[in-house]
Amino acid sequence: MINFRGAARRHFADAKLLEQQVRTANAGQLYGFCVECGLKALLVAHGLPTESNGDIQRKPKTGYREHMPSLGQIVSGLTAFPDGRQATRYVAMLPGIAAFSDWSVDHRYYDESRLPLASLPGWRGAATEVMSMLDQAIVDGVMQ
Amino acid sequence: MNPIRFNEALRLAAEATRFDHLPADCQPGLIRDIYGRIRFAIDASSSDFPEEAYRHFQKTCIALGAYGVRDGVMFRENFSNPETIFNHPDWHETIVSGHENEDGSFAEDIVVRLLDRQITGQDWLHTTENADAIPAAPRIVFYGIKGGVGRSTALGMLAYLLAQEGKRVLLLDFDLESPGLSGLLLPPERRAGFGLVDWFIEDAVGQSDSLLDDLVADSPLAENCPGSIRVASAIGNGETAYLAKLARAYADVPTPAGAERFAHRMRRLVETLEAKELPEVVLIDSRAGLHDLAAISIAGLSSVALLFATDSPQNWQGYQQLFANWQCHPEVLRGVRERLAIVHALFPESDQEGRARHFLENSWTLFRETLYDNVEAGSETPTDAFTFDLESEGAPHFPLRVRWNARFQEFDPLLSEAKGGVGQADIDLAFGPFVRSVKSMVFGE
């Protein structure tokens, strides 16, 4: 079963461990998955329809079954949340999400020397913002 | 069984925090989410928390009914970044009122630490975040719990009389949902190209600086005065999309330092305009009612907040609700009450003595029951107590007065006396005492 919030926390914790051990290539991959899962957790909490296993519905196509950075562009483009007082409440907590513009899910196939690991601090910063945003959503009661 | 309601839930949760045998560093705070549901937040690891106490709070979560949540006892490990939750600036010592029990005994007040997560309205409690940042020029906020009490007219007349005395006056029309101040002081064609609402829109995309030169205009009302009246309207000249802008103005904006909330943006706007205009006094027309714009203006920005009221039950009830919100947050109360001054608006022409007395008594009762320190009868009043007698002139409850005058109905201050406008004598009669009182408060004159 899919648990986006739990997965975000797991990827974040493991990414930090890997980074501490200077395993930066895979730390970077996990920061990206952390952000993806965190954003998807928020989208689902805001009512995005899911399959019975908790994953985002395949059909009709919503454009949210994406990895970073595409997913981040959809979310920060303010198209992801309903109108109203909460429209910018959570997105405004994620100023660093654009740091993922040079991240790719395909980095797992790359030669390590070609990875943009200078971006790792930016990726870590954005992932930290996403995790704090999830905390806020929990105490707001929009996410369990 | 009757369902647990919103108020009762907080009381039940507050009572639950009085559980004996809790370690001193494990006192729970309450987090009330945006739906009103309550969680217990313990700034410790669950492994350091007594099992018996954990069961007690879990049981309380069930007893809270619809206002409780499963797993509503939260520890540090429930958050990824516990510091941002447990050190959040919106934690407040909060008094949860007592009540009389069915058996005649009295359940006393309980003080809890509460993190109240709200969609709006937090700004009524943000009185201290910039306590050190004293503005260069005094800011006078004009507020009414109800509209239509002559607030904007009084503001315009204060500006006029101050400009006559040579003061540089800056007016800010923050009544965004019901803009009108600038209409009173500026013919539409004299308005600046942009309004305050434009600043919020352009600021959100990072280009507000470029409109600052066309955001403020001179009011012709002060043309023959030694001073000036500079007006920042809500709406710019020739606006055709005001509602589309207003609908976006209150957004939180992402910045490298994190989300910048609307209140902070509004403060930045006011400070930017002050730095550019160098006024000697700033007059802010605030939205009426219990709205965030009013909250930010009164609690966060004002040097003096003038609270316009008529002697009607609706007015007193409205202010009672506002003051009660401050009353249950003692540290907030202390930060705001000294800046308040009530204004008896539309002071009637008949039976003035009786009506003045009636207003004064109602005002004093309200302030005494909510904002003033409660001094026990018979005991000596501490010298630092914030409490005043009924007749104490200069006390927040002792009203400034704006006289009702038929000539100020549908009033156009830009119309000359020769063309049927209002003359200086009428202005002095209606607004003279009010203006003198405000000057005394703000400038000590």
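These are my notebook entries on chain B of a predicted model and on its contact with chain A.

**Conventions.** The model is predicted, and I kept to its rules: local features need pLDDT of at least 70, side-chain atom pairs count only at pLDDT 80 or more, and totals for chains, interfaces and linings use all residues. Residues are numbered from 1 along each chain as its sequence is written, and chains are lettered from A and ligands numbered from 1 in the order in which they are written.

**Entry 1, helix α2(B).** I took helices (H or I, at least four residues) and strands (E, at least two) as DSSP runs, numbered from the N terminus. I checked the length of α2(B), residues 51–63: at 1.5 Å a residue its 13 residues should span 18 Å, and the end C-alpha atoms are 18 Å apart, which agrees. The expected span is 1.5 Å times one less than the number of residues.

Next I looked up burial (buried means 20 or more other C-beta atoms within 10 Å of a residue's own, exposed 12 or fewer, partly exposed in between, with C-beta atoms placed from the backbone). In α2(B) the buried residues are Ala53(B), Phe57(B), Thr60(B) and Cys61(B). They sit on the same side of α2(B), because they cover an arc of only 105° around the axis; the arc is that of the directions from the helix axis to the C-beta atoms. The face turned away carries the exposed residues Glu51(B), Glu52(B), Arg55(B), Lys59(B) and Ile62(B).

I then asked what the buried residues of α2(B) pack against. They pack against α1 (6–16), β2 (38–41) and β3 of chain B, with contact meaning C-beta atoms, placed from the backbone, within 7 Å. Just after α2(B), Gly65(B) takes a positive phi of about 60°.

**Entry 2, the open sheet.** I traced 5 strands of chain B in the order β3-β2-β1-β7-β4, with mixed pairing; strands pair if DSSP finds at least two bridges between them. The edge strands, β3 (68–74) and β4 (91–96), each pair on one side only. β1 (29–32) and β7 (110–116) of chain B run parallel over 3 bridges, and Arg32(B) stands opposite Asp116(B).

I found 6 of the 6 residues of β8(B), 139–144, buried. Arg139(B), Val141(B) and Tyr143(B) point one way, and Ile140(B), Phe142(B) and Gly144(B) the other. β8(B) pairs in the parallel sense with β14(B) over 4 bridges and with β15(B) over 5 bridges. Phe142(B) stands opposite Leu306(B) in β15(B).

I noted 22 residues from chain B and 18 residues from chain A. On the chain B side, β12(B) gives the largest share, 3 residues.

Note on methods. Two residues are in contact if their C-beta atoms, placed from the backbone, lie within 7 Å.
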